[in-house]
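Q: I'd like to go through this model with you, a few residues and elements at a time. Could we start with the packing?

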Amino acid sequence: MENTFERRPWLLPILLALLTLILLRPVWAATGQALDGKDFQGMFYPLHEYIRQTLLSGELPLWNPHQFIGHPIIGNPHAALFYPATWFMWLVGTVRGLNLSMVFHAWLGAWGMSQFLRSFTVNNRKVSYVGSLLAGVVYGMSGWAAARFYAGHYNLFVIFGWIPWSMVAYRYALRRGTWRSALPGVIVFVVMLLAGYPPLVVYGGLALIALWVLHIAEIEGTTQAMLTAGVFATLQLTVIGIGGL
């Protein structure tokens, strides 16, 4: 199996996609059937259906007059008005769009974690494809992920799908060692912020800090070289954070 992946590395995301589709078949194959998590029913389905209807009527979804004495939609992080997957929901319908978005981000997180593992070397050899495949399955199809489906934690699950890619991007920047190489990290951080659940973005930031600590611990050479590399890694992480904000 390892030799197959070596010759055709593109099979890894495809296999993860197939596993995701098999595991989540009741979600993506359902026609008009909503996920019944409490947060889906109480927040996300009503919120995005109202946004969709507002757009179809030719208005901008800036204000919701139907809850409390009204509140701003554009200022509600859960609305995620500027996140591309939200636009997809407006096109295909709220229920189906939310269902498909959950499936997509499960696969995205699994693929991202497999790529993150592949960025490491053990005994001067990259982590195996089979090992990275297992890491993706454990991450994207874990009990924690299933609990988010059950509870209906949509925005949280979206960012869960992007956190591994933020780590992949930072690892890329550390390996390349240039200012330009920090740009993918900035882009991923922007996407995470737009997805609508700031608390989990904080956890994503802690993951990047943990990577920074690992990088500092792995630096070899003279004291001056270690100090220079450590400072530059710190500045790259700062650029990713400030650039994303």
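Q: Which residues does Y83 touch, not counting residues up to four places away in sequence?
A: Bearing in mind that this is a predicted model, Y83 touches H105, V158, W162, V191, L194 and A195 once residues up to four places away in sequence are set aside.

Q: And in the largest nonpolar core, which residues touch the most other members?
A: That core has 58 residues, and those touching the most other members are F40, Y83, Y154, W162, M167 and Y170. Helix 9 supplies the largest share of this core, with 13 residues. There is also a second, separate core of six residues, among them I51, I73, L81 and W90.

Q: Switching to helix 7, which of its residues are buried?
A: The buried residues of helix 7 are Y129, S132, L133, A135, G136, Y139 and G140. Viewed down the helix axis, they fall within an arc of 160 degrees, so they line one face of helix 7.

Q: What do they pack against, and what is on the face turned away?
A: The buried residues of helix 7 pack against helix 1, helix 2, helix 6, helix 8 and helix 9, while the face turned away from the buried side carries the exposed residues L134 and V138.

Q: New topic: where does S119 lie, and is S119 buried or exposed?
A: S119 lies in the loop between helix 6 and strand 3, and S119 counts as buried because its relative accessibility is 13%, with under 20% being the cut-off.

Q: What does its side chain reach?
A: The side chain of S119 reaches the backbone oxygen of F116 at 2.5 Å. Leaving aside neighbours within four places in sequence, S119 is in contact with R171 and R175.

Terms used:
Residues numbered from 1 in each chain as written. Predicted model: local features only at pLDDT ≥ 70, side-chain atom pairs only at ≥ 80, totals over all residues. Heavy atoms only, no water. Helix = DSSP H or I, 4+ residues; strand = E, 2+ residues; numbered from the N terminus. Buried < 20%, exposed > 50% of the residue type's maximum accessible area, 1.4 Å probe, protein only. Polar contact = N/O pair within 3.5 Å; in protein donor to acceptor, adjacent residues only side chain to side chain. Contact = heavy atoms within 4.5 Å. Arc of directions from axis to C-beta. Core = buried A, V, L, I, M, F, W, Y, C linked by side-chain atoms within 4.5 Å.
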